Amino acid sequence: MAAIATPGQRRVDRLERIWEERPGVLGWLMTTDHKRIGLLYLFTSLAFFAAGGVEALLMRTQLIGPNGTTLSPHAYNEMLTMHGVTMIFLFVIPISTGAFGNYLIPLMIGARDMAFPRANALSFWLFLGSGLFMYTGLALGQAPDAGWFDYVPLASRAYSPDKGIDFYTLGLIFNGISSTVASANFIVTIFKLRAPGMSINRMPLFCFAFLAVSFALIFALPFLTCDLVLLELDRRLGMHFFDPSHGGNVLLWQHLFWIFGHPEVYIIILPAFGIATSIIPTFTRRRMVAFPLVALAEILVAFIGFGVWAHHMFAVGLSTTTAIYFAAASMIVVIPSGIQLFAWIMTILTGTPIFKTPLLWIIGFIVMFLIGGLSGVTLAAIPFDQQVTDTYYVVAHFHYVIFGAAVFPILGGLFYWFPKVTGRMYHEKWGQTSFWTTFLGSTLTFFPMHILGLIGMPRRDYTYPAHMGWTGYNFLETIGSYILAAGLVMVVANLLVSLVRGRVVDNDPFGGGTLEWATTSPPPEYNFAVIPKVTSPYPMWDLDDREEDGRKLEQGVLVLEQGHETPGSTVLDGDWDEILQMPSDSPYPILLGIATAAMFAMLLLAHYVVAGIFLAIGALVLVGWHGTEPQES
Amino acid sequence: MLLAGCGGGQDSLQPHSTQSNQIRWLWWGMLIVAGIVFFGAVGMLALAWLRKGDKGLPALGPREGLTNGLVVVFGIVVPVVVLVALFIVANLVVIKTTQAPAKGSTQMSIDVTGKQWFWVVSYDGTPAVTANEIHIPVRTRVRINVRSGDVIHSFWVPELNRKIDTINGQTNSELLYASRPGRYRGQCAEFCGLQHAHMGMVVVAEPMARFRAWLANMAKPAPAPAGGAAAQGQRLFMANQCASCHQIRGTQAQGQIGPDLTHLASRSTLAALTIANTPRELAAWIANPQAIKPGNKMPDLGLSRSQIAAIVSYLEGLK
Amino acid sequence: MSAISRSMEATSARAAGMVARNRIALPNGVWAMLMLICTESMLFGGLIGSYFYLSSQNAHWPPPGIEAPSVPLPLAITCVLLLSAIPMFLAGKAARQGRPGLTGAFVLSAFLVQAGYLTVQIVLFRHDYLKFTPVDGGSYGSIYFTMLAADHAHVLIGLFLDVWLMARIAMGGLTNYRVIATRAISWYWYFVVLVTLLVTLTQLSPSL
């Protein structure tokens, strides 16, 4: 063997040795590999997706007919709250940023890891901790029951004296830390770790979307945190932020909540846009139409999202002038969304579309996003909004947006990158069947909700009287939700079976354009033996460059084989600036995660001194973390 | 059937006022435009589907300039035109009709307070207080002032007008105007806790003369109990906890926690439209209020059947 | 090719200074700090926004019985704290030049000012607290103390960072890691002094 090994092969062997991961469970607990962390995120968020799905099915079963008795009113309200919190904070955001972003962004930009691998692990452990924290509340029968929007005074101590709201409040602060750490990491990774040559205009649209999402999270989450802290101070210490009898104001909660809450909507769907802009070019065999315009639109959507929050509050009695301003600002969001929508359609129309499973999900996504977007526009008509807000019309609208426009691409992405992650192909026919089942199920579930809202059914009702004309639609929706669940089970079953029995595929079975397809399936720990050359936004379609990579491996150019190394580049031009040494596996992230979880548990139990001790332990862990510089390890 | 009959409809597409009617036309207009956009876009996708496997549309070909131009036209130009039109119609014109009336611009005003989980209704300038059933004169502009008695609720009678939240620490108002006599159902629209689903109300629009007669009756204190059973019911009502939560004007029952019962018998429903106001259902309610509306503030008082029957006969006399 | 440095191998002050001067872009650690600053700024944006929202919703601000804050002392010490940004800036500069002693001295001088500032603020905080509390001062008391406490907590964290940095430099000189840490921590202080100024102006706004 040794005799015939080329210099390139020897280099690959050396990289294998340098980047080898610790085996066994300990390896996973201490890992800093973005791909492993991505998978941890994936499995965890899918588990929460299942929990949120069961909650939804229970609610739908309760509503299958009038005066249902499946759930008690209290249980229904808990399901209602946990479903919202789970799907948003424990499923969509973690799976899109945590799983897809983590796994793919370093691969797409030709890096060997995230900019801060240990912080990356930390954000996962914090996310897991926050999810378990909130579900502990449910297990103890103390789940929050004031809705995911948690309006005061209903959420105040006077009307929600038990610990449910505290689980929500502290859990979301906890979760917010995780998202903040992850977002900062994405931004620095995308800015600084791109392969030399990948100037900002050659960056995949996927990365633009994640850049926009990360900035939106960085700027939006603190408003939620601020709001939650104020609420806890009211609840715990008897302060008066939201108490009108002592100069407080209940609308302050709503303002702060929606300053976060609306950008949150774009945080939910932008990663999906990123997935769509990855799948469409591959399956239509052409570059995205209007590439710079789409990149700009992705950033703009996130930016404009900050100026529209009060359109969630048209019924609270805002002055007409205020309402009109927010309606106008909200309408502006249509433009960047419209640009992206028609860019996708034009790309499909002018390319050579091959309707395989991933593209089918994206077509479904476009159709659902159209409906959800158009119903969103109708909600910018203030009088109409004031008529249908807090009815099932709004439930229909945001499920079209969140389920249709965010979850569909996520599912499409699962199929699309499945061969990359596993080295095997999913089952095409079952993939298509699962798409059609899910599409049918979600249409049956969510479309009649528009009508229900228009004919007067308010949302968040645990039951409804007979003879209101609502029964038939509710029945349809419940049946639809079962079909939808069946479709999702098919997706999971397909992928699980294919994991073992799928056809083994090569590196690039779909002919994708971005760099994740340049490496083996599954990718090695070090991602790329040679940091790839990039001269366009679709580097995989520049065959000369790929051949040059092969030559470079033999010559030892850009192999970086002295340690856990990856190049650092300049922000805009992507010029090679330095060689960064990445940390290898580390116990500190999980230790800090545990200390943080313990601190939040103690805060919940009002043992403030013990909570302080855990905070101090966390600080000590950080000292240890920053004590291991290369020369000290 | 009975409840639907008592409550009236709650269908925003069946308006019975100028306000609701304009919102409905706004909706149909938006639906038509949205339909054109939707089918246009889906048509493009269908075209791609029909030509699957083929190289792009010959008319467009690989011309980047043309496709970029189309993205600009469909993604920017068309939306701007449509949105400007929508903005003017909805947010500058229709909003004038549906917005809160200025103080003093209406012939009468009614104060409505949302509480977990019923509505307190009182008529300005009269002692009349009732619950959940709001009578208004037909073809008359009425200003509704809404307040919160505990958490945020939302006052909403879709066949008459859009909704308005009850916000702690502020008074919001909205216009009610019924074009024809009838019963229009409404419901709390902002999540307000356990029994949010059972917080209905009904607006009864009737000719001015009938309305005046109704209001005059409402303003009076409760009639004295007629007959022995009713008199015994009144004693039981005052002796048990009933009086500490409910008000019956003209008696020593002055509680403010539950709804005013001064003219309970003139109302057609109980527990904010949860059940019909019949002696049987009233008795069932008093016997076990938590079974009918779990979580409401009325306790099971442990009264005997005969005691309940007496109280029912007293309450059913409160016309 | 030879111009590209393996940054982490710069474990001597001289090498670390060289790496810092050769690098074109801001180092990753400084970028991460900038992100932290963005998110923390928004947190204070929320608090200051809440302050003004609540004040706009109340006819009397501060409520009757609570006197408006006195201006001179808080403003004066805030100006002193602002000045501590200068030694922090110089510390970052000295670190980039690979001069550990000078770096440590600048951090120490900033630390002394900052610690003095926090001491005075804690005394003032207690002084206010004896007059009214977050609970009996209505929404004014709630936001007043919460906003100040959040700001003081940020100063306190900055002091811990100073101590950690000085200890690291004292124990092992400058490395690439510590040069970046010095720069990141000086950025943290620019943010803290600026936010302290905004918080102080907000706190004093009823008297201005």
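Two residues are taken to be in contact if their C-beta atoms, placed from the backbone, lie within 7 Å. On that basis, 69 residues of chain A are in contact with 71 residues of chain B in this predicted model. Two pairs of chains are in contact, and chains A and B share the most contacts. Chain A also meets chain C, in a contact that takes 43 residues from chain A and 37 residues from chain C. Chain B and chain C do not touch, and their nearest C-alpha atoms are 10 Å apart.

**Chain A as a whole**

- Chain A contains 19 helices and two strands.
- Along the principal axes, the C-alpha atoms of chain A fill a box of roughly 85 × 60 × 50 Å.
- The radius of gyration of chain A is 25 Å, which agrees with the value near 26 Å that a compact globule of 633 residues would have.
- Of the 633 residues in chain A, 67% are buried.
- When contacts in chain A between residues at least 6 apart in sequence are considered, 81% of them join residues at least 24 apart.

**A helix pair within chain A**

- Two packed helices are described by the angle between their axes and the distance between the axes.
- Helix 14 (residues 392-422) and helix 16 (residues 471-501) of chain A have axes that come within 11 Å and cross at roughly 5°.
- Because angles under 35 degrees count as roughly parallel, helix 14 of chain A is roughly parallel to helix 16 of chain A.
- Helix 14 of chain A contributes Leu411(A), Leu414(A), Phe418(A) and Thr422(A) to the contact, while helix 16 of chain A contributes Val491(A), Leu495(A), Ser498(A) and Leu499(A).
- The residues of this contact between helix 14 and helix 16 of chain A comprise six nonpolar, two polar and no charged.

**The side of chain A that touches chain B**

- At least two residues each are supplied to this side, where 69 residues of chain A meet chain B, by helix 4 (73-108), helix 8 (250-284), helix 10 (320-332), helix 11 (334-350), helix 12 (357-378) and helix 13 (382-388) of chain A.
- Helix 11 of chain A provides the largest share of this side, namely twelve residues.
- By residue class, the side of chain A that touches chain B divides into 48 nonpolar, 18 polar and three charged residues.

**The side of chain C that touches chain A**

- Of the 37 residues that chain C brings to the contact, two or more come from each of strand 1 (5-6), helix 2 (28-56) and helix 6 (138-172) of chain C.
- Helix 2 of chain C gives the most to this side, with 14 residues.
- The side of chain C that touches chain A divides into 21 nonpolar, 14 polar and two charged residues.
- Strand pairing also links these chains: strand 2 (residues 576-581) of chain A and strand 1 of chain C pair in the parallel sense over two bridges.
- Ile579(A) has Arg6(C), in strand 1 of chain C, as its bridge partner.

**A sheet in chain B**

- Chain B holds an open sheet of five strands in the order 3-2-1-5-8, with mixed pairing.
- Strand 3 (129-131) and strand 8 (172-176) of chain B are the edge strands, each pairing on one side only.
- Neighbouring strands of this sheet are turned by 25° against each other on average, direction ignored.
- Strand 5 (residues 142-148) of chain B pairs with strand 8 of chain B in the antiparallel sense over five bridges.
- Asn172(B), in strand 8 of chain B, is the bridge partner of Val146(B).

Notes
Residues numbered from 1 in each chain as written. Chains lettered and ligands numbered in written order. Predicted model: local features only at pLDDT ≥ 70, side-chain atom pairs only at ≥ 80, totals over all residues. Pairing = 2+ DSSP bridges. Helix = DSSP H or I, 4+ residues; strand = E, 2+ residues; numbered from the N terminus. Axes fitted to C-alpha atoms, helices over the stretch in contact; angles between N-to-C directions. Nonpolar A, V, L, I, M, F, W, Y, C, P; charged D, E, K, R; others polar. Rg over C-alpha atoms; globule rule 2.2 N^0.38 Å. Buried ≥ 20, exposed ≤ 12 C-beta atoms within 10 Å, placed from the backbone. Parallel < 35°, antiparallel > 145°, perpendicular 65-115°, else oblique.
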